[in-house]
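Here is a quick tour of one protein model for someone meeting it for the first time. Have a look at the structure below, then read on.

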Amino acid sequence: MLNPTLRFYSIFIMFHSMVSRSTAFQRILPYQPPLWAQEYLKTVPPHGRWLLANLPTPLYQLISHNHDASILSQTFDAIQASLFIKRDDSTGGVELGGNKIRKLEFLLADAVEQNCDCVVTIGGIQSNHCRATASASRMLGLEPHLILRTRNVEEVGWEGNLLINRMMKSVIYTCTPGEYGKMGSDELVRRLCQHLVSQGRKPYSIPVGGSNGIGSWGYINAVDELMQQWETIFHNRSLDHVVFACGSGGTATGIAIGMALYHLHHQSSKFPKVHAIGVCDDPEYFIKYVTNISDQMGLTLPSDTSTEDFVRKHLHVVQGKGLGYAMSSTEELSFLRQFAIETGIVLDPVYSGKALYNFCQMIRQDPESYHGSNILFWHTGGALGLYDKVGELEGDQTGAVVNRLDIYGKGNGINLNR
Ligand SMILES: *Cc1c(COP(=O)(O)O)cnc(C)c1O
């Protein structure tokens, strides 16, 4: 039994931590960029940040438990490379999980401070970004309006991210890939906002993937989080390669610029190589896009280095689209399954799975470049996208073993009575 004074204190501490957690959640915090970013990034998000994500996300090394493990042993152990994983699939539950919530913490703070009453954004039919925006908007009392690109404009489904969008009572608008390509996503968002304004609403617009000069701060902050973890857990080990999926460019901007500025500030002799695996557009497109976002963030470099040269120097973009955006090859799906068996971790078919699949191909084609190195794979989430692939995954015979139990000893399965 605790004595009365101690008991009072433990109740007080419990109460105090509950209160401080909930007030943090319900308040916009002013945002103070890390010291290393303040030096070079001059346009800080004006309205701070809502704490919505579960941070820091876990960081750990993946260890092979099986000599036949084709990914971990034969790709990484074989060249004495170590694979680490940063679990940004764990930033939230089914509602917020994935990389987008890091950007939405800044974007939605801006929306609330501007007294908006609804949020407009856009993406593919199974967009993780639209799902996270719908959920986070509801958390802050804003109504989500989503423009979704789909071949089947008349019949929006219920699976994966769509189920969450529907549960959040999002207002959904559909358009075809042709219409989307012709008008452009920014113009579509602008016109829908105009339409809502004419109805007396006050919309806040968010571009594809939340990738602009405000949202991308989420990954500047994430680099700070990662490097603090890395120094604490693995202090003397070098971080040689960082790899992740790239769709709209905001994550790549934050990680590439963040890594470069962090190491510049700390006067490191060696910079980690940052590899963004593009899953929709060409590498050259992403370089231009990342350059544009970096300028929006007020990137100010010493002497006369141009933003584009700086981006080219610190970001390696690789074509990893395969059969096309959100389309999976048999090899990619087998890779997802194999990775799940070896690690217990689910990758998604549209982004993280393609990123690690292509990176493993790169290692196998040029093992010398990765020999003995420490490689970080940044898992960006997206598991709900798997529901779209059930039809392609279920045909495979190497999946789980299913047995009938013979409870009554009738000889129709595995008999547990003996
Ligand atoms: C959106 C997304 C990405 C790509 O991030 P961008 O910042 O849009 O480039 C990667 N993985 C998942 C699971 C995503 O949903």
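This is a predicted model: local features need pLDDT of at least 70, side-chain atom pairs count only at pLDDT 80 or more; totals for chains, interfaces and linings use all residues.

Residues are numbered from 1 along each chain as its sequence is written, and side-chain values use heavy atoms, with hydrogens and water left out.

Which residues come nearest to the ligand? Of the 16 around it, they are Lys-100, Lys-103, Ser-248, Thr-251 and Thr-380; a residue is near if one of its heavy atoms lies within 4 Å. Helix H4 (100-113), strand E9 (241-246) and helix H10 (250-265) each supply at least two residues of this shell. Helices (H or I, at least four residues) and strands (E, at least two) are DSSP runs, numbered from the N terminus.

Lys-100 gets to 2.8 Å with a polar side-chain atom, and a side-chain N or O atom of Lys-103 to 2.6 Å. Gly-247 uses a backbone N or O atom instead, at 2.7 Å. Taken alone, the ligand exposes 380 Å², and the protein buries 98% of that (Shrake-Rupley areas, 1.4 Å probe).

The ligand takes up the space of the largest pocket. On a 1 Å grid over the protein atoms alone, a pocket is an open set of points where a 1.4 Å probe fits, with protein on both sides within 12 Å along at least five of seven lines; lining residues have an atom within 4 Å of a point. A molecule sits in a pocket if more than half of its atoms lie within 2 Å of its grid points. A volume is the space filled by probe spheres set on the points.

| Pocket | Volume | Lining |
|---|---|---|
| Largest pocket | about 780 Å³ | 43 residues |
| Second largest pocket | about 480 Å³ | 18 residues |

Tyr-180, Val-208, Gly-247, Ser-248 and Cys-280 lie nearest the centre of the largest pocket. Helix H5 (128-139) gives the most to that lining, with four residues. In the second largest pocket, the residues nearest the centre are Ile-125, Arg-149, Arg-151, Tyr-325 and Ala-326, and the lining has seven nonpolar, six polar and five charged residues.

Most residues other than glycine have a negative phi, and most peptide bonds are trans. Leu-55 and Pro-56, however, are joined by a cis peptide bond, with omega about -5°. Gln-80 is not a glycine, yet has a positive phi of about 55°; Gln-80 sits in the loop between helix H3 (72-76) and strand E4 (82-87).

Notes. A polar contact is a pair of N or O atoms within 3.5 Å; within protein, one must be able to donate a hydrogen and the other to accept it, and residues adjacent in sequence count only if both atoms are side-chain atoms. Ala, Val, Leu, Ile, Met, Phe, Trp, Tyr, Cys and Pro count as nonpolar, Asp, Glu, Lys and Arg as charged, and the others, Gly among them, as polar.
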